[in-house]
Amino acid sequence: MSNPVDSVQGPCVLSVRGLSKSFGGVRAASDVTFDAREGEITALIGPNGAGKTTVFNLMTNIFPYEGEVRFDGRDIKGLSPIQVAQAGLIRTYQSARVFPGMTVLENVLMGRHRLLKSAPLSQFFWGRSSRREEADLRRRAEGLLDLVDLLKERDTHAVDLPMGAQKLLEVVRALMSQPRLLCLDEPAAGLNDRETEDLAVLLKAVRASGVPVLLVEHNMGLVMGVADQVVVLDAGAVIGRGTPAEIQHNERVIQAYLGREDHATA
């Protein structure tokens, strides 16, 4: 491997150690160990069936697992997926999931539930503090939509957006919850070149704002352009770890995933 897991500088927000899971006789994750650190975008890559989404599902407690997952220094094993999200570990899914019957802006505002501070009585009677909070959240939502060129679609029904735009909308909605760690499962799937560029700009802006990102992605152009650290999985096990430049020259990774042709043009 390119780097030992503890050699990267920067405080650790997510620590995964010895993560393992079998489904029947199939070993889907085997002793997976990596960190996601403050101020960084960490990418988790690998061929189809490598176990990337399984790792996401395990560390957010959708399935029980062997090993340890610590988030912000806390062992989160045994927490419900809702409790994990409430702690600030926010994830998206491979397929876009927008709320039908709601506009683009309303979908983004649905991510606000972790942020509401007004007393329930003030919200019910639309009190001054509730109105002020609503205005602040609306401004934040519109600013995020502007980053991905969706502000002009704010009043469009979310289900009427192209699939690529729905994927961007899901990322923006996740950001509205002000995550402690933003975990994105193949956010570039279905995006065209322009939308992928918008996503790259958004990811860099998220990192600059102080929110670390853990990214599962097949688009190597995006990964190599935005990631600070890359973790490579194959058959459920980590086979490489390092910077994008180190990963592109890691022979084991080249053989398993990137391929000789991709390596030559990198």
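The following conversation goes through a predicted model and the terms used to describe its structure.

Colleague: What makes a residue or a side-chain pair count in this model?

Modeller: Because the model is predicted, local features need pLDDT of at least 70 and side-chain atom pairs count only at pLDDT 80 or more, while totals for chains, interfaces and linings use all residues. Residues are numbered from 1 along each chain as its sequence is written, and side-chain values use heavy atoms, with hydrogens and water left out.

Colleague: How do you know how many helices and strands the protein chain has?

Modeller: Helices (H or I, at least four residues) and strands (E, at least two) are DSSP runs, numbered from the N terminus, and for the protein chain they come to ten helices and ten strands.

Colleague: Why is threonine 196 called buried?

Modeller: Buried means under 20% relative accessible area, exposed over 50%, and partly exposed in between, with a 1.4 Å probe and protein chains only. Threonine 196 has a relative accessible area of 12%, so it is buried, and it is found in helix 7, residues 193-208. Contact means heavy atoms within 4.5 Å, and threonine 196 touches Leu191, Asn219 and Leu222, not counting residues up to four places away in sequence.

Colleague: Why is cysteine 12 called partly exposed, and why is cysteine 183 called buried?

Modeller: Cysteine 12 has a relative accessible area of 30% and is therefore partly exposed, whereas cysteine 183, with a relative accessible area of 0%, is buried. As for disulfides, each would be a pair of cysteine sulfur atoms within 2.5 Å, and by this rule the count comes to zero.

Colleague: What makes strand 6 and strand 10 edge strands of the sheet?

Modeller: Two strands pair if DSSP finds at least two bridges between them. Six strands form an open sheet in the order 6-7-8-3-9-10, with mixed pairing. Strand 6 (89-91) and strand 10 (237-242) each have a single partner strand, so one side of each is left without a neighbour in the sheet.

Colleague: How do you know in which sense strand 9 pairs with strand 3 and with strand 10?

Modeller: Strand 3 (residues 41-45) and strand 9 (residues 229-234) pair in the parallel sense over four bridges; threonine 42 stands opposite glutamine 229, and leucine 44 has valine 231 as its bridge partner. Strand 9 and strand 10, by contrast, run antiparallel and are joined by five bridges, with valine 230 opposite glycine 242. Strand 9 and strand 10 form a hairpin with two residues between them, and alanine 235 in the turn has a positive phi of about 55°.

Colleague: Why is strand 9 called largely enclosed, and what makes helix 1 largely enclosed?

Modeller: Five of the six residues of strand 9 are buried, so this strand is largely enclosed by the rest of the structure. In helix 1 seven of the eight residues are buried, so the helix is likewise largely enclosed by the rest of the structure; the buried residues are Lys52, Thr54, Val55, Phe56, Asn57, Leu58 and Met59. Helix 1 is followed by asparagine 61, whose phi is positive, near 65°.

Colleague: What share of the whole protein chain counts as buried?

Modeller: Of the 266 residues of the protein chain, 52% count as buried. Among its contacts between residues at least 6 apart in sequence, 66% join residues at least 24 apart.
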